[in-house]
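Q: I am new to this structure. Can you show me how to read it, one feature at a time?

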Amino acid sequence: MMLQALALRNSVIAAMQQLYHVKPEVNDVVIQPTRKEFEGDLTVVVFGLAKSACKSPQETGEEIGNYLSEHEASVQACNVVKGFLNVVINNSVWLAQFNDMADDKSFGYSEADSSFVHAPVLVEYSSPNTNKPLHLGHVRNILLGYSLAEILKATGSHVRKVNLVNDRGIHICKSMLAWLKRGNGETPESSGLKGDHLVGKYYVEFDKMFKDDVAAITAKGISEEEAKKLAPVMQEAQEMLRKWEANDAETVALWQLMNSWVYAGFNSTYNLMGVDFDKMYYESQTYILGKEIVKEGLDKGVFFKKDDGSVWVDLTDEGLDQKLLLRSDGTSVYITQDLGTSKLRHTETNFSRLIYVVGNEQDYHFKVLRLALKKLGYDWWDNLHHLSYAMVDLPSGKMKSREGTVVDADELMGDMINEAKRITKELGKIDDFESNEAEELYTTIGLGALKYYILKVDPEKRMLFNPEESIDFNGHSGPFIQSTYVRCRSVIRKGDSLPSLKNYADYDPSFYSAIEPKERDLLKALLKYPEVLNEAADRYSPAIIAGYVYEIAKYYNGFYHEHAVADIENVEVSLFRLKLTEQTARVLKMALALLGINVPERM
RNA sequence: GCACCCGUAGUUCAAUGGAUAGAAUGACAGAUUCCGAUUCUGUUGGUUGUGGGUUCGAGUCCCGCCGGGUGCACCA
């Protein structure tokens with residue numbers, strides 16, 4: 001597809017030179033796939049060309065069309081409709097490309113260039129707090145990050161997935177304190193609760209104690225604002241944080257214990273989701289790093305110090321504000337450690353890009369981060385990117401941990417898997433499966449539905465999740481695409497079982513003469529895969545892959561319903577269709593893998 | 001108040017400035033002697049929030065307004 005478009009563009013430029021003695025700029029020749037309702041494969045938009053040709057769009061289109069038909073062997077026919085020149089490409093061109101694709105073992109996948117090993121692309125995602133379990137918002141983050149990393153890998157980047165765990169701070173102390181006061185020594189083992197859920201339970205517990213304290217104080221006629229500061233549990237939590245920072249043995253031991261519970265919980269969630277990381281960073285180890293960089297900025301005169309000792313960067317010349325980088329007591333704030341961590345990573349890896357997968361409420365933060373690094377004179381400031389995604393809304397509005405309106409990640413995945421089980425049992429097609437095989441299948445389908453549901457949406461757009469309505473398993477859904485793959489596999493098994501057809505893989509379709517419209521559409525769509533992959537990588541958008549994979553499934557199902565594949569009398573037709581089926585399965589599997597979605601052989 | 005993001009069928013989502021704005025879902029009507037019906041075909045459903053502008057051409061770009069969200073913390 002890509003090849004034809006490029007070739008056609010050059011041909012059009014040549015035609016313009018021959019016919020009108022003008023040479024259009026490459027960008028002035030707009031070529032797009034022809035819309036379904038017209039005849040053709042590629043369409044040249046003639047308006048811009050007509051201007052430089054000084055003729056009407058209709059006339060220009062016809063003249064260019066005639067020229068192409070005459071001079072280009074690959075062009076079979078042309079027609080002009082309202083200023084659009086539709087070009088029909090010869091079947092032989094498509095078939096030759098299809099043959100190349102089938103023979104190309106690395107189709108749709110570029111081996112990482114070894115020189116990039118020393119300048120990897122870092123993708124930071126997940127980056128959870130260790131005081132509560134993961135919820136639906138995290139799920140969107142994790143799926144996006146994992147998928148983006150896989151997409152970039154497929155385009156030949158050397159990718160390292162990293163996770164920056166926010167394992168310290170007042171929020172952790174709150175859970176710790178509540179557990180000390182009310183936990184009675186409860187552990188994941190004693191309670192049977194997953195570690196992250198157990199710790200999250202005490203985070204909620206803290207909030208209750210806090211509210212009780214505030215209520216008791218306001219009852220004495222003190223303002224709520226004042227009461228929040230005076231609340232004994234809050235003061236105790238802050239005292240605990242001071243002890244932690246002073247490296248108090250007992251506090252640190254408790255912190256380590258409770259964090260270890262959380263990590264065990266997170267790991268099981270990550271494992272179920274099928275995601276991984278090449279390196280973990282912990283904020284407890286990185287939060288001090290930024291101080292040095294702030295000092296460097298002061299020395300260079302690009303940051304400044306206020307009378308109270310706090311350090312700021314002035315970004316008003318960039319259209320932003322002044323931003324605090326270091327508190328007056330010398331302690332660091334959020335951005336301080338991001339400055340330090342980015343520099344650490346650059347020193348460690350010499351990254352060519354560092355991509356942060358973080359919610360869009362931090363758009364401003366990342367602008368500031370980049371510009372502060374620019375002011376420091378680090379030429380790699382421009383290699384920091386932010387894959388910004390919008391929140392997931394519930395019908396009741398935003399998810400709020402404290403109000404208990406969050407959709408828990410583990411629970412959600414469990415529900416999806418159960419739903420997959422229910423539907424699969426109803427269909428009864430896998431009654432011969434061993435129980436562990438069946439369980440694995442339910443997971444594949446349930447998570448396929450969830451992942452597709454989330455990733456098909458443009459990351460920048462807010463999306464609505466309604467827990468009352470279960471996520472689709474039909475229509476524009478993950479299981480629909482999985483089942484198309486399963487159908488392909490079933491057809492292939494049939495082909496394999498027939499002696500005259502089992503060698504379809506060796507069949508050379510280059511000179512196949514009986515191609516049908518539905519076969520042609522499917523074949524063209526399959527060839528488009530590398531182009532789609534590149535676009536998804538350029539735009540950091542798994543949604544583009546999701547849209548593509550749906551298109552392929554639609555085309556295959558349309559083809560399947562119209563034509564018998566195996567078990568027909570004409571062997572050559574069967575061989576061709578089996579080959580088409582084989583390549584469809586291949587592309588579906590490969591593209592779904594980029595979304596973190598597995599495919600079953602049967603379902 | 002200032003800044004950024006978003007507004008598309010009843011609903012959930014698509015559409016590198018290009019042709020008659022597409023899918024899914026819902027409702028209704030059909031399709032299997034077959035290689036898998038979690039399928040396919042059709043009907044239904046739109047003043048793309050709104051008013052201007054730029055352009056041969058605007059859902060897309062610019063300006064105003066309306067509605068929703070987020071950020072502007074010595075929180076992270």
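Q: Which residues of α4 are buried?
A: Call a residue buried if 20 or more other C-beta atoms lie within 10 Å of its own, exposed if 12 or fewer, and partly exposed in between, with C-beta atoms placed from the backbone. In α4, Trp-94, Leu-95, Gln-97 and Phe-98 are buried. They lie on the same side of α4, because they cover an arc of only 160° around the axis. That arc is taken from the directions from the helix axis to the C-beta atoms. This is a predicted model: local features need pLDDT of at least 70, side-chain atom pairs count only at pLDDT 80 or more, and totals for chains, interfaces and linings use all residues. Residues are numbered from 1 along each chain as its sequence is written, while chains are lettered from A and ligands numbered from 1 in the order in which they are written.

Q: What covers the buried residues of α4?
A: Contact means C-beta atoms, placed from the backbone, within 7 Å. The cover includes β4 (84-89) and α19 (517-527). Helices (H or I, at least four residues) and strands (E, at least two) are DSSP runs, numbered from the N terminus.

Q: Where is Val-88 found, and what does Val-88 touch?
A: Val-88 is in strand β4. Val-88 counts as partly exposed because it has 17 C-beta neighbours inside 10 Å. Leaving out residues up to four places away in sequence, Val-88 touches Glu-39, Gly-40, Asp-41, Gln-76 and Ala-77.

Q: How do I read a nonpolar core?
A: In soluble globular proteins, nonpolar side chains tend to be buried together. A nonpolar core is a set of buried Ala, Val, Leu, Ile, Met, Phe, Trp, Tyr and Cys residues joined through C-beta atoms within 7 Å. The largest one here has 156 residues, and Val-123, Leu-148, Ile-545, Val-549, Ile-552 and Leu-588 touch the most other members. Helix α21 (residues 542-562) gives the largest share of this core, 12 residues. Ile-545 has contacts including Ile-151, Val-532 and Leu-595.

Q: How many residues surround RNA strand B?
A: A residue is near a strand if its C-beta atom, placed from the backbone, lies within 6 Å of it. Here 73 residues surround RNA strand B. The closest are Tyr-334, Asp-458, Met-463, Gly-475 and Ser-490. Helix α18 (residues 478-497) gives the most to this surface, with eight residues.

Q: What about the whole chain?
A: Chain A has 22 helices and 15 strands. Buried residues make up 39% of its 603 residues.

Conventions. Contact = placed C-beta atoms within 7 Å.
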